[in-house]
Amino acid sequence: MNEHARIFVAGRRGLVGSAILRKLEEAGHDCLLTATREQLDLRDQAAVHYWFRANRPEYVFLAAGTVGGILANSTRPAEFIYDNMMIHATVVHASHLFGVKKLLYLGSSCIYPRECEQPMTESMLLTAPLEPTNEPYAIAKIAGIKLCQAYRRQYGCNFISAMPTNLYGPNDNFDLTSSHVLPALIRKFHDARLEGRKEVVVWGTGRPRRELLHVDDLADACLFLMTHYEDESHVNVGTGEDLTIHELASMVREVVYPDAVVIFDASKPDGSPRKLLDVSRLHSRGWRHRIDLRTGIEQTYRWFLEHHDVARLVAGAAAHQHAAATES
Ligand code: GFB
């Protein structure tokens, strides 16, 4: 993948897509093809074929999708399964039809069973029932893995899959109705400090454990895999370390609002009790993460303060409410 290669980053505005774009630009790549959601609906096969025929990408980072935390997954299951299945099927098929040299598909650690031996190895896929709160999304992500493997077997496509753990970092989603835990905690402690409130409500019991990888580390792993990984099996991408939600909330409180008091709302779902990835396959290929969690939280909060004014958050929430109202 030389610096003049035609590279398509699907999902350029998202947490992952924007990080991959930053990494590619840093590495000197000068032919980066992107299309926003308004320019190209990746669920629309005719539009995607037209775009691929016109732009002829040689490499594809498939980081586009409808994503969200435990609340969004629980309340919008049809969007999560339909959008993601359509995006994966359309982009993978177009990549085959138009001769893409290599495609990297990004899944998620929720593909593994709820009651899974920890840490979870790649071979544990489909060995037991999934976590109910995000099963529709997980089914769509598993289908993406199987798509890439099937096109590799039948057509010889060089399509690979990476399964990242929970991610965070710049350009994350801080809207409380759809965000993942870490950006939600940053937002909650930030708002409480600004509004002079002492108490911050954290969902669940605080006992579940989560592994958190900074998205710049993930982007670095994606470029590494695009260059060095050619196998059929998907590959886990993570830090290999996890902590409880209680410990995570304490870490965010120290960074954002040390005087706050944390209250746990056990009426909210905990989701998977634990989903620590076994990252030995990736480590054996020579890649490891670099950004430690405390540093990553500090850097993400700085980004939040510089970029996420209240107006945008309010607009985002209002847009979401409007969308919900027009759908009902
Ligand atoms: O990150 P999260 O929303 O999703 O929730 P999952 C992780 C844990 O954080 C759960 C707790 O135990 C939540 O109860 N939590 C505490 C909170 N306070 C909050 C809060 O204010 N907001 C949120 N969102 N959580 C996701 C899947 O599962 O994992 C995605 O839903 C994706 O599809 C992602 O696969 C990697 O980690 O439980």
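Which residues in α6 meet which residues in α8? This is a predicted model, where local features need pLDDT of at least 70, side-chain atom pairs count only at pLDDT 80 or more, and totals for chains, interfaces and linings use all residues. Residues are numbered from 1 along each chain as its sequence is written, and side-chain values use heavy atoms, with hydrogens and water left out.

**View 1. Helix α6 meets helix α8.** From α6 come V181, L182, L185, I186, F189, H190 and R193; from α8 come I245, L248, A249, V252, R253 and V256. Contact means heavy atoms within 4.5 Å. These residues divide into 10 nonpolar, 1 polar and 2 charged. Here Ala, Val, Leu, Ile, Met, Phe, Trp, Tyr, Cys and Pro count as nonpolar, Asp, Glu, Lys and Arg as charged, and the others, Gly among them, as polar.

**View 2. Helix α1 meets helix α7.** On α1 (residues 15-26), the contact residues are L15, V16, A19, I20, R22, K23 and L24. Their partners on α7 (residues 215-228) are V215, D216, L218, A219, D220, C222 and L223. By class, this contact of α1 with α7 has 10 nonpolar, no polar and 4 charged residues.

**View 3. Residues surround the ligand.**

View 4. A ligand nitrogen atom is 3.0 Å from a polar backbone atom of S179. A ligand oxygen atom is 3.0 Å from a polar backbone atom of V181. In the side chain of N134, an N or O atom is 3.4 Å from an oxygen atom of the ligand.

Note on methods. Helix = DSSP H or I, 4+ residues; strand = E, 2+ residues; numbered from the N terminus. Near = heavy atom within 4 Å. Polar contact = N/O pair within 3.5 Å; in protein donor to acceptor, adjacent residues only side chain to side chain. Axes fitted to C-alpha atoms, helices over the stretch in contact; angles between N-to-C directions.
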